[in-house]
Structure formats: C-alpha cells, structure tokens
Amino acid sequence: MKELEKPDTAALRAKYPDAFERPAAARLATPAMIAAALAVFIFGLHDLGFEPAKFIAGLKQLGWITMMMIPPDPGTSLPLYLKALGETLSIALLGTTLAATLALPVSLLAARNIVPPNIIRFPVRRFLDSIRGVDTLIWALVWINVVGLGPFAGVLAIMVSDFGALGKLFSEAIEAADKKQVEGIRASGGNAFHEIRFGLMPQVLPVIAGQVLYFIESNTRSASIIGIVGAGGIGLQLAEQIRVLEWQKVSFLVLMILVAVAAIDFISGKLRFAIIGRRAVA
Amino acid sequence: MTIAVSILPEQQLAALNAAYRQAVARKRLRLFAGAVVFIAALILAAIGAEVNLRTLFAYFGNFVSYFDRILTLDSGQRVWTDPGEWLWGWYKWGKLLGETLLISYVGTLIGAVCAFCLNFFAAENTSPAPWLRFTVRRLLEFARTVPGIVFALIFVMAFGLGPMAGVLAIAIHSTGALGKLFAEIVENADMKPVEGVRSTGASWLSCMRFAVLPQVSAGYVSYALLRFEINVRESSVMGFVGAGGIGQELVVAIRKFYYSDVSAILLMIVLTIFVIDITTGWLRARLFGKDARS
C-alpha cells in the first residue's frame, strides 16, 4: 500500500492564510453580534419591568387560571356564541371580498407593466404601504367612530386593512404575468382595455383567487379578535368573559375559534386546489 | 402569394362546433353555479354581519370628515402648518414607541429561542420519536392559531397590566409561527452530513449541532427578522388591552376624540414601521443575499 503524501502544511499556510487563521474581525463578528443582541435583550427585560418575583407570581396565577379553564363549558350561552361565530365568519368573508373588489383596479395602477411612469406608481404604492402599516384593530376603532359599534365596523376594518395588503400582492402577481399574451392581443388590434381583459386577467385571476382564499382564512383569525375593541363577532364575547373571569367559557370560546379556523383552513385549501390545480400557491 | 386555409367539410365542422359549444357551455354552467353559491354566501354573510348600506351611505361622510378632523388642530388650522403643536407629545410618544419596539424585540427573541429549542423535535427528519413530534407539533399549532391579543388579554389578568403581558403574548405567538417555519427549513436540510456525523458515534445532540445547524442557521435568522417586522405591527396594538406600548395612548386618543393626537400617533407608528421594514429588509439582503428574501 502506498502511503499518502504528507501535505506541506507550512507552504499551504503561507498560501492561504485566511483558511488557517481567520482574521480577528471575521472571528469576532458573530460573538459580537450575539453579545449586542443579548445586551439589548437584557436592557429590554430591565426596562419593561421583568422581575423574577413578579414573573413567578404571574406564572402561579396563570397555572391557577389554566386549572379553572378545565373543562371548557359554555354554560347556557351556546346559541349566543354560535351566533357570534357566524358573525365572525360573515365579517371575514364580506371584508375580504370587498377588499379584493376594491384592490383589483388599484393594483393595476401599482403594477409596472400596466402603468410605467413612476410618478403615478410610487404614490399608489406608498399609499398601500401606509394602509398596511396600520393594524386591523386600529382601523376597527376608527370605523367604530364612524358607523357605531357592531359587526359592520368590523367588515369595514377588515376591508380597509386588507385593501392595502391585497393591492400589493395583486400588483406583484400582475407584474409577474407573461407579456407575450398581452402583445398578442395588441397585435390583433385590441385596445388597452382588451389587453388587460383578455391578455392579463386570464393569467392573474387564478393567482388572485388563491390569494383571496388564503386571506379569507387568515381573516377568520383577525375577525375573531376585532370584537375586543367592540367591532362585533366572537371576540366581543371572549373579551367580556375574560373580564368577568368566567374561565370555562373563555376556554370554550378559544376552542370554538380554533375549530372554526381549522374548518375554514380545510375548505379554502380544497377550493384553492380546485381553482388552480395542484400548482403551488405563491 | 396565396395562403391555403384548409376548411373541413360541413358535417365534420358541425360536429366539432357542437363539441366546442358543449364544452364551453359546461364550463360556463359551472362558473355560473359557483357564482350563485358565492353570492348566496355573501348575502347570508351580509345579513349575519348586520350590514346596513343605508348606515354606510348616511355615515360615509363621517369617514371622510373624520380624516378631515384628525388632520385639523384645535385652532382650526391644518396639522402640517404647525408641526410643533401637532406633535406636541413627541417625547412621550417616542418613548412609548421605543417601549413597543422593545416589546417586540424581547418577545421575538424569546419566541425564536423557544422555537429553536422545539423545532428539531417537530421536524420529520430529525425528531427522535414520533409521539414527541406529534406533541410538539400540536403545541406549536395551538400557540400559532390563538391570536396574540387573546394571549395578551389572559396574561394581563395573570401578570397584571404592563408590558410584561405583551412580551409574553408575543413570545408565545412567535414560538408557534417560527417553530413551524424553522421545522420546515430543517426538513429541507441535506441529511448526508447527519449520517456522516452519526457514523463517528456522535449523540443526537452532536448531530444537530454539527450537521444540521450550520445548514439552517441563516434561514433561522432571516425568518426571525421577518417575524420581528410583523411583531412590531402587532405590539403597536397590545396597549389596547393594557399590555404596554403605544397602543394605550392611541386608544385613549381615539376614544376621547383627541383628533389631532390620533393622526400624530398614527403618523409616528406608520413611520416607525416603514423604518423597521426597510432596515430589516436591508439587513436580510445584506446577510443572505437577495434570494433569501421570501
């Protein structure tokens, strides 16, 4: 058996110094970043008033609350809760549909291949971004001031906050569409409207439908909490029962939300596959 | 030059036309049925949500005038004519925004560490036992599906009013969301290094440390940064239920109709979120190249 040739370590070391002795800056970078992250973390714990005694007392309290939650029991208010759940689902469905209807035309304005000039596109995009930056709950508070307490304010809140998100997603879907079909329509003498209707829409509609279904699903979750500020749905009941410390009802309501979200998740998954086939949803 | 277009005989054409019309008619029928079901669901939902178009039209002016009012100072001038008066509470609000950022930072970090500890048990290829994987997955699912603000409501009852409840609520929600994403990264990791390390007689822990972790750590940081971005948004409303941050001020301003304060606080929130979005986007592009942005 032939022995392997011994590598000449000294020569290699001279040739590739970085592989043997990484410069101090590179070696220190990761620990320094971790140390900085930890420092901010500890400052945060201190600044936000984390004290071990308070934390342990809270944990004890939490354990007690959890014990009180078992078993989940709606008491006599099951019909009321079911109605609230229906309200939540209605809010999610209506809010998302309205948002999608409004977002589609605006998203055309924000897409580079429809509206090339930056001067229109930029403000539209920033407008959508700032709508998205404001949380659904804040919009709910604003709408309560306008149309009063109740689920209608919730619908409008979901509509506005999703308008921003969907507008952005739609415009991205439109920008990703294939240009050739649009050119084909133009070559056969179609005007701008025909180009959008027959060249673009058939390509982007399945993508958009998938996104809307996904949003209905995630909005079921948002709609279940906007009641906390008074905009209808199951969140209203949940917040009330937490405030009066009816923990069995609280755990029942949380379970109801989980089941509803899982059901909607299942249905919209099936529908998405039916609409766009087995393609992955972006 | 003439172009020959072959035209089929009449009977053949008729059969093809009929087949085409039938196919289109079937498709249209299905579309129509789908539309009817959808519209019925919408009408049902409209009744369920007590949608009242008359209210909307009657009060829509309110919506517009609401924005008019929040952009007007007490003196009747537009807010931007007197920024000093408009942003009179900038120091207080800035401090609260800082608290909001800290809440989301601490919450995200705790959540990321918990998710990091749990995700190897939840991933299909690295989990030591099926029952463990099942339990951890259900746990993460629970933490992810219950909205953060519900946790906050309950924690406010347990830990008292203050940012601690908000931090813990964000931490739990982030654990659920990040745990799932982290586990997916681990499932996509290459298993050959694991085999190599195991063949040297290493324990499960060493396999994870020396074979899996180097492959996945970049993805972890990227997702954690993305989560931080989302959590900033979420912690801005934690104050609504008394869990610290700017939300408290905002809800007071909205409920008590301090109009110009509402717009000032909203402006500061939106600006902060812009800055955070841009910074984390830049950081992720810097750390992992453009393609890591997902």
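This is a predicted model: local features need pLDDT of at least 70, side-chain atom pairs count only at pLDDT 80 or more; totals for chains, interfaces and linings use all residues.
Which residue takes a positive phi just after H7(A)? A:Gly148 does, with a phi of about 90°. Residues are numbered from 1 along each chain as its sequence is written, while chains are lettered from A and ligands numbered from 1 in the order in which they are written.

Chain A holds 12 helices and zero strands. Helices here are DSSP runs of H or I with at least four residues, strands are runs of E with at least two, and both are numbered from the N terminus. The pattern along the sequence of chain A is α-α-α-α-α-α-α-α-α-α-α-α. Its radius of gyration is 28 Å, well over the 19 Å that the globule rule gives for 282 residues, so chain A is more spread out than a compact globule. The radius is taken over C-alpha atoms, and the rule is 2.2 Å times the number of residues to the power 0.38. Along the principal axes, the C-alpha trace of chain A spans about 85 × 75 × 50 Å. Of the 282 residues in chain A, 38% are buried. A residue is buried if 20 or more other C-beta atoms lie within 10 Å of its own, exposed if 12 or fewer, and partly exposed in between, with C-beta atoms placed from the backbone. Among contacts in chain A with a separation of 6 or more, 72% join residues 24 or more positions apart. A contact requires C-beta atoms, placed from the backbone, within 7 Å.

Chain B is also built without strands: it has 11 helices and zero strands. Its sequence follows the pattern α-α-α-α-α-α-α-α-α-α-α. The radius of gyration of chain B is 28 Å, whereas a compact globule of 294 residues would have one near 19 Å. The C-alpha atoms of chain B fill a box of roughly 85 × 75 × 50 Å along the principal axes. Buried residues account for 37% of its 294 residues. Residues 24 or more positions apart supply 70% of the contacts in chain B with a separation of 6 or more.

The two chains touch. In the interface, 45 residues of chain A are in contact with 47 residues of chain B. Elements giving two or more residues to the chain A side include helix H3 (24-47), helix H5 (78-109), helix H7 (136-147) and helix H12 (247-276). By class, this side has 29 nonpolar, 12 polar and four charged residues. Ala, Val, Leu, Ile, Met, Phe, Trp, Tyr, Cys and Pro count as nonpolar, Asp, Glu, Lys and Arg as charged, and the others, Gly among them, as polar.

H7(A) is mostly covered, with 11 of its 12 residues buried. Among them are A:Trp139, A:Trp143, A:Val146 and A:Val147. The cover comes from both chains. It includes H8 and helix H10 (192-223) of chain A, together with helix H2 (53-70) and helix H10 (247-255) of chain B. At 1.5 Å a residue, the 12 residues of H7(A) should span 16 Å, and the end C-alpha atoms are 16 Å apart, which agrees. The expected span is 1.5 Å times one less than the number of residues. In H10(B), the buried residues are B:Gly247, B:Glu249, B:Leu250, B:Val251, B:Ala253 and B:Ile254.

A:Gln241 sits in helix H11 of chain A. This residue is buried, with 22 other C-beta atoms within 10 Å. Leaving aside residues up to four places away in sequence, A:Gln241 touches A:Glu246, A:Lys249, A:Val250 and A:Leu253. Its C-alpha atom is separated by 24 Å from that of A:Asp135, 106 residues apart along the chain.

Some backbone geometry stands out. Most residues other than glycine have a negative phi, and most peptide bonds are trans. A:Leu245, not a glycine, has a positive phi of about 60°. A:Leu245 lies in the loop between H11 and H12 of chain A. It counts as exposed, with 11 C-beta neighbours inside 10 Å. In chain B, B:Phe257 has a positive phi near 60°. B:Phe257 is in the loop between H10 and helix H11 (259-288) of chain B. It is exposed, with 12 other C-beta atoms within 10 Å. The peptide bond from A:Ile70 to A:Pro71 is cis, with omega near -5°. A:Pro71 is placed in the loop between H4 and H5 of chain A.

Notes
Two residues are in contact if their C-beta atoms, placed from the backbone, lie within 7 Å.
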